[in-house]
Amino acid sequence: MATLASEAQRPGIGTFERYLSVWVALCIVAGIGLGQLLPSAFAAIAAAEVAQVNLVVAGLIWLMIVPMLLKIDFASLKSVRQHWKGVGVTLFVNWAVKPFSMAALGTFFLGWLFAPLLPTGEIPSYIAGLILLAAAPCTAMVFVWSNLCDGEPTYTLSQVALNDVLMVFLFAPLVGLLLGVASVTVPWDTLLLSVALYIVVPVIAAQVVRQVLLASGGQAALDRLLATLGPISLVALLATLVLLFGFQGEQILAQPAVIALIAVPILIQVYLNAGIAYWLSKRLGVAWCVAAPAALIGASNFFELAVAAAISLFGLKSGAALATVVGVLVEVPVMLSVVAIVKRTRGWYEGASA
């Protein structure tokens, strides 16, 4: 998330991020409890919509997304050519493999294998949520994962900046294609509005603020703003999760295993896509310090955007919103396991290519 290639990998995983799964679990409990105790309050929040956009959730999503985008230096795109093989591997996995593999896994597990255990009417929505999750490459936590495995900082920063640019153009058509294949009606007007609200406008706003701060106060001014926004962003994430689980409470209480079942295709696709990126990097002779973050970028998701798009397209009470939140629940432990795998296989990776 840092602004310079030399700084991009410095921060390790913080206390909040390390225990993200715990906080999500607590949000499940709090959300379900509050949803049962204060149904009228949740109904009022759900009704606060303009053009199918929930104003409360939109504000919270912006507080989550904009601080992340402030940390991206798009000038780093000039470094893409230095690691073109690693960039090519990640682009291939992020845009040509991961969304399609998730659609296939979701259809197989949720649409067929687990179908008797799930509410029939919600199955297409669950699959749609998984597609939204996989169609958005991670732009924030990737820096933490890369740092933990001593990844090449210039590659990581340039790859994330490139993915941010590509999301502006590829997210909507890719999601529309896969939702259509999954027989989910695509509300194109809402999808395009989501892209504008949660990708285009935040990217532009963040870069304007970033440039103004750097011009007036330098890196120190930007760091001060990020330090202020950091805790606010985390509170916004937790508040969004509480709202989502408040609306999903009755369904979860009726079928508590639904979260575990949704998690299965998510877990499989993480290891699958990380493995493909790692293997391709090895085949192409990519240095391990680039192959490791390539595997992590290929596997992780921009779950904040996925949650926002799911809410906009299908609503706060939808199975799609629930499916994207399950992605938040499993994010940290599964990605830490991928970090451990690539670190432990470094000798094999470098020795075999020597």
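User: How do you know how much space lies in the second largest pocket?
Analyst: The second largest pocket holds about 220 Å³. That volume is the space filled by probe spheres set on grid points, which are joined across faces, edges and corners. A word on the source: this is a predicted model, in which local features need pLDDT of at least 70 and side-chain atom pairs count only at pLDDT 80 or more, while totals for chains, interfaces and linings use all residues. Residues are numbered from 1 along each chain as its sequence is written, and side-chain values use heavy atoms, with hydrogens and water left out.

User: What makes a residue part of the lining of the second largest pocket?
Analyst: On a 1 Å grid over the protein atoms alone, a pocket is an open set of points with protein on both sides within 12 Å along at least five of seven lines, a cavity is a set where a 1.4 Å probe fits but cannot get out, and lining residues have an atom within 4 Å of a point. Among the residues that line this pocket are G35, F42, F247, E250 and K317. The elements giving two or more residues are α2 (20-37), α3 (39-47) and α9, and α9 has the largest share with 5 residues. These helices are DSSP runs (H or I, at least four residues; strands are E, at least two), numbered from the N terminus.

User: Which class does D150 belong to, and what is its phi?
Analyst: D150 has a relative accessible area of 52%, so it is exposed. Its phi is positive, about 55°, although D150 is not a glycine. Most residues other than glycine have a negative phi. D150 is found in the loop between α7 (142-148) and α8 (153-181).

User: What makes the N301 and K98 side chains a polar contact?
Analyst: A polar contact is a pair of N or O atoms within 3.5 Å; within protein, one must be able to donate a hydrogen and the other to accept it, and residues adjacent in sequence count only if both atoms are side-chain atoms. The side chains of N301 and K98 meet this at 3.1 Å. With 4% relative accessibility, N301 is buried.

User: How do you know how far helix α13 reaches and where it bends?
Analyst: The expected span is 1.5 Å times one less than the number of residues. For the 26 residues of α13 (319-344) the expected value is 38 Å, and the helix reaches 37 Å from first C-alpha to last, close to that value. A bend is the angle between axes fitted to the seven residues ending at a residue and the seven starting there. At E331 α13 bends by about 50°, and the proline P333 follows within four residues. Helix α13 is mostly covered, with 19 of its 26 residues buried.

Note on methods
Buried means under 20% relative accessible area, exposed over 50%, partly exposed in between (1.4 Å probe, protein chains only).
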